[in-house]
Amino acid sequence: MSPSIDDRLNALAGIELDPALDGLEDKVWSAVQQRRAAAGAGARVQVAMTIAALAIGLAFGAMNGAKPVHLSEMGVLSEDGLLAPSIRLGGGA
């Protein structure tokens with residue numbers, strides 16, 4: 001017969017554990033510093049990508065030269081919103 005869960009829990013409770021905590025704080029701080037350094041590099045890439053996307057958008061807008069079209073949220077978010085009379089007349093929603 002296999003031991004019951006109570007027997008196993010009592011055996012586990014009887015085990016004396018003395019974990020060594022020497023140097024734990026130094027290990028934690030070194031891991032924190034590594035993560036900060038990695039996050040800093042990722043932030044620089046995000047800033048560069050944001051600036052590049054803004055520049056591409058501005059360049060496309062300047063080259064397009066079309067007259068500005070006012071579309072409300074309904075016109076942008078629905079597939080047949082451009083057929084609504086309020087959008088067709090330019091009044092928005």
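Helices (H or I, at least four residues) and strands (E, at least two) are DSSP runs, numbered from the N terminus. On that basis the elements of the protein chain run α-α-α-α from the N terminus on, with four helices and zero strands in total. This is a predicted model, in which local features need pLDDT of at least 70 and side-chain atom pairs count only at pLDDT 80 or more, while totals for chains, interfaces and linings use all residues. Residues are numbered from 1 along each chain as its sequence is written, and side-chain values use heavy atoms, with hydrogens and water left out.

**Confidence**
- The protein chain averages a pLDDT (the predictor's confidence in each residue, from 0 to 100) of 79, and 68% of the residues score at least 70.
- Confidence is highest in helix α1 (residues 5-14), at a mean of 91, and lowest in helix α3 (residues 73-77), at 54.
- Where pLDDT is low, the predicted coordinates should not be read in detail.

**Burial and surface**
- Of the 93 residues in the protein chain, 5% are buried, a term that means under 20% relative accessible area with a 1.4 Å probe, counting protein chains only.
- The protein chain exposes about 8600 Å², of which carbon and sulfur atoms supply 64%; accessible areas come from the Shrake-Rupley method with a 1.4 Å probe.

**Residue I5**
- I5 lies in helix α1 and is exposed (over 50% relative accessible area), with a relative accessible area of 62%.
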